[in-house]
Amino acid sequence: MATGNSRADRIKQTPLTRLRRARKRGVFDRETVYAIVDATPICHVGHLIEGRPVVTPTCHWRSGDHIYWHGSRASRMMQASLDAAVCLTVTHLDGLVLARSGFHHSANYRSAMIFGEPQIVDDPELKMASLERFVDGLFPGRWETLRPPTRKEMNATTVLTMPIEEASAKVRSGPPKEAPGDELLSIWAGEIPLTIAVDTPVPDRFVADDQPLPAHVSGYGLAQQTIENE
Ligand SMILES: Cc1cc2nc3c(=O)[nH]c(=O)nc-3n(C[C@H](O)[C@H](O)[C@H](O)COP(=O)(O)OP(=O)(O)OC[C@H]3O[C@@H](n4cnc5c(N)ncnc54)[C@H](O)[C@@H]3O)c2cc1C
């Protein structure tokens, strides 16, 4: 949870982030936005390549009030995102909502949209530290057990970041909304909840039979550990 954030707890709405549709589902407190961002490593980055919109799935992490993602130096997504306007979205599908009419079927979800112009993290120490946070955010304590990155690996990797400054979240939960009178129809309605399950870890063929499972593997949970203050 986002305790000790370095900025005000509410994100200021802008003409871009003010919800027009289903306004009551809009959320602008940092705690909720950050909880949505931290609950999965997967996001989608919307950017332009040669004037055409492209939405690229990738992994992200958060440190304080900034969001980060990384990629190959050669990645067109990384190149096109640098200093350009992007929209990064994080989505959780929590359930399918079945109403008594097709029109009122819906989904329960938590999603966040973050707008900005990413900057490159080019200071070598900051870049290394942010990659460490990415790994340790997913698997606490793993970084110090790993072979350190080589200069070549670091050069091949680009890290981008932007402040979580212009952002919104939208959340739907609960039963279907029905047209008046439809509740009386003899049709099943309700929610099919959905979750992502963590399955049993599978060692590769080089792991010795007696090698203990690290705690960050045996206790793996999808939510990322974040560092609240940079
Ligand atoms: C899993 C899932 C399923 C969905 N299914 C549908 C569907 O089938 N049909 C449908 O019309 N909509 C669906 N939505 C909602 C959809 O994301 C949009 O909110 C909706 O279509 C309204 O779009 P708009 O451009 O009119 O929003 P507007 O209200 O005009 O958007 C204005 C601003 O509000 C914020 N905003 C809008 N939507 C979101 C969001 N989802 N998360 C965070 N911030 C947001 C952004 O800052 C945006 O710039 C779904 C959302 C999720 C997460």
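Analyst: Two strands pair if DSSP finds at least two bridges between them. The model discussed here is predicted.

User: How many bridges join strand S3 to S4, and in which sense do the two strands run?

Analyst: Strand S3 covers residues 52–63. S3 and S4 run antiparallel, and the number of bridges joining them is four.

User: Which residue takes a positive phi in the hairpin of S3 and S4?

Analyst: The hairpin of S3 and S4 has two residues between the strands. A positive phi near 60° is found there, and the residue that takes it is Gly64.

User: Is strand S4 largely enclosed by the rest of the structure or exposed, and why?

Analyst: A residue is buried if 20 or more other C-beta atoms lie within 10 Å of its own. In S4, which spans residues 66–72, five of the seven residues are buried, so the strand is largely enclosed by the rest of the structure.

User: What is the bridge partner of Gly71 in S8?

Analyst: Strand S8 comprises residues 157–163 and pairs with S4 in the antiparallel sense over seven bridges. Within S8, the bridge partner of Gly71 is Thr158.

User: Which residue takes a positive phi in the hairpin of S2 and S3?

Analyst: Strand S2 (residues 42–49) runs antiparallel to S3, and eight bridges join the two. His44 has Pro57 in S3 as its bridge partner. In the hairpin of S2 and S3, two residues lie between the strands, and the one with a positive phi near 50° is Glu50.

User: Which strand gives the most to the shell around the ligand?

Analyst: The ligand is surrounded by 15 residues, and the closest are Thr17, Arg20, Ser111, Ser168 and Lys170. At least two residues of the shell come from each of strands S5 (86–98), S6 (106–116) and S9 (166–172). With five residues, the strand that gives the most is S6.

User: How many residues of the shell around the ligand are nonpolar?

Analyst: Sorted by class, the shell has four polar and three charged residues. The number of nonpolar residues in the shell is eight.

Technical notes
Residues are numbered from 1 along each chain as its sequence is written. This is a predicted model: local features need pLDDT of at least 70, side-chain atom pairs count only at pLDDT 80 or more; totals for chains, interfaces and linings use all residues. A residue is near a molecule or strand if its C-beta atom, placed from the backbone, lies within 6 Å of it. Ala, Val, Leu, Ile, Met, Phe, Trp, Tyr, Cys and Pro count as nonpolar, Asp, Glu, Lys and Arg as charged, and the others, Gly among them, as polar. A residue is buried if 20 or more other C-beta atoms lie within 10 Å of its own, exposed if 12 or fewer, and partly exposed in between; C-beta atoms are placed from the backbone.
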